[in-house]
Amino acid sequence: MSWGTELWDQFDNLDKHTQWGIDFLERYAKFVKERLDIEQNYAKQLRNLVKKYCPKRSKDEEPRFTSCLSFYAVLNELNDYAGQREVVAEEMAHKVYGELMRYSQDLKAERKHHLQEGRKAQQYLDHCWKQMDNSKRKFERECKEAEKSQITYDRLDNDINATKSEVEKAKSQFYLRTHMADESKNEYAAQLQNFNAEQWKHFNNAIPHIFKNLQDMDERRTVKLGETYRSFAEAERRVIPIVSKCLEGMVSAAKAVDERRDSGIVVESFKSGFDPPGDFPFEDFSQNLSRTGSDGTISSTPKGDRERDGAPGPRSDPKHPMSRTKNKLWLFGKKPKAPSLEDFSHLPPEQRRKRLQQRIDELSKELQKEMDQRDALNKMKDVYEKNPQMGDPSSLQPKISETICNMEKLRSEIHKNETWLSEVEGKQSSRGDRRHSADNHHHTPQGRESPEGSYTDDTSQEHHTPHHRSGPPQPGNPNPDPHEFDDEFDDDDPLPVIGHCKALYSFDGQNEGTLVMAEDEVLYIIEEDKGDGWTRARKQSGEEGYVPTSYVEITMEKNSKGAVTYI
């Protein structure tokens, strides 16, 4: 059935139908895109799974068990299967999705062209109808005017009081109106004839031709959909033979599992070749013992008497009094957290210093961005001043002022944080001086020094293995007190080893009391970090000194002499 003859008056409905057809085609294309995305993700996940479980050892180190070899064969077949899923996705992408999107663009352009032709034809027919209607209305007006002039002429001609000039004037007006009415009649007839001809052409030639083109376009769209449905299925069917081979390979690998052979491999791997041991003979040690009472009764000493006669008992291992005190701190619960403050004063000194330094670095980066923006705006302003046609220089001034204001705010924040940082570093320096004084007087405090300079039993600020710490503090104030927790050692006696560490970075040790170390060098730990960022270590050559705690990876020995564990 032809759209041109059957649907000659359904231009708007055909417009909607053809648009629906293109929308449906694009909807199917979207479906194919999501389908191939699923295939690609599935293949990617399969490959990652195979990679995760593939052996990472050399061929010589691989087990020879048939179960393991079969599993690796299954992984290889699964990897090939993933490759076939990628082939399916690629086929759908090029032969289905890509083809549909290209065809959709062509359909849109063709539909737009046909609809424009139909609208032009309709507009031309409307124009002809307006001309015909205008000539009709003009003819109607002229006829009415002619009738009025005729009535006026007849009235004056029959009036005996009318002058001859008035009668002649009415007569001439009557003839003029009659002539104009005849001309309007002829024009209306011509326009009507022209409109009828154009209307016949419109509904018998133009519209059928346009609708036929739209019908051909829609039918081609339907055929294309059928072809892509077939291509969609063919993309899957082409890989079925190879997928079947992959599955057959997995089945073959499963059949290759041999439990007898695996058992034989175990025997070959662990067999020692020795004979099983024989029975042990009985050895009688009671022949030389004196016998009392009835025969066969052996005199023995009670276990308790043997212990009183000098048998050693378990020796007590008293703990250091400081250690016992420390272990009681926060034993049954967590230490209450202090509220977070802007200046990080709730944190330990070293942690506070790091956080402040981090904030200063972030603010400095933001300040640099604002400065770069200010420079760029100034350059743009200079360009506008030299070339006014490119822009108004004054339009940039608000942005420049805003940038300068932001810079001042950032500088103020940086200064404020630098003041807090200086305060923290000053406290750490005075803290080190107090430790020097304590060492000279051989004084052992009953706790750790707090950030404010007083002593406290709170050791929750201890850090035993800090792996990711920022740069070390200034190496001018390492903790020189080796007797903070144990005053039993003299100045000349070496401190006991309580652990070891590995240097993560090299350290030049230019300051007095510090120790030079190379990257990956192993050192002995003889004193833990006291909270100031320094750990006392000893080289294998016997040289001692302080190293930054953030530069080493520390492993403490739990049962070492002199080691103190804090909760």
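In this predicted model, Asp520 counts as partly exposed, with a relative accessibility of 47%. Asp520 is placed in the loop between β3 (499-503) and β4 (522-527), and although Asp520 is not a glycine, its phi is positive, at about 70 degrees.

Glu142, by contrast, counts as buried because its relative accessibility is 11%, which falls under the 20% limit used for that class. Glu142 belongs to helix α3 (residues 66-158), and, when residues up to four places away in sequence are not counted, Glu142 touches Arg177, Met180, Ala181 and Ser184.

Two packed helices are described by the angle between their axes and the distance between the axes. The axes of α3 and helix α4 (residues 164-237) come within 7 Å and cross at roughly 170 degrees, which means that α3 is roughly antiparallel to α4. Sorted by class, the residues in the contact of α3 with α4 are 33 nonpolar, 18 polar and 22 charged.

The count of salt bridges comes to 30. One of these joins the side chains of Arg35 and Glu236, at 3.3 Å from N to O; Arg35 lies in helix α2 (residues 11-53) and Glu236 in helix α4, so this pair ties together parts that are 201 residues apart in sequence. Arg47 forms a salt bridge with Glu86, with the closest N and O atoms 2.9 Å apart, and because Arg47 lies in helix α2 and Glu86 in helix α3, the pair ties together parts that are 39 residues apart in sequence. A further salt bridge is formed by Arg411 with Glu408, at 3.4 Å between the closest N and O atoms, and these two residues, being 3 residues apart in helix α10 (residues 397-440), are separated by about one helical turn.

Definitions and conventions:
Residues are numbered from 1 along each chain as its sequence is written. This is a predicted model: local features need pLDDT of at least 70, side-chain atom pairs count only at pLDDT 80 or more; totals for chains, interfaces and linings use all residues. Side-chain values use heavy atoms; hydrogens and water are left out. Helices (H or I, at least four residues) and strands (E, at least two) are DSSP runs, numbered from the N terminus. Buried means under 20% relative accessible area, exposed over 50%, partly exposed in between (1.4 Å probe, protein chains only). Contact means heavy atoms within 4.5 Å. Axes are lines fitted to C-alpha atoms, for helices over the stretch in contact, and angles run from 0 to 180 degrees between N-to-C directions. Angles under 35 degrees count as roughly parallel, over 145 as roughly antiparallel, 65 to 115 as roughly perpendicular and the rest as oblique. Ala, Val, Leu, Ile, Met, Phe, Trp, Tyr, Cys and Pro count as nonpolar, Asp, Glu, Lys and Arg as charged, and the others, Gly among them, as polar. A salt bridge is a side-chain nitrogen of Lys or Arg within 4 Å of a carboxyl oxygen of Asp or Glu.
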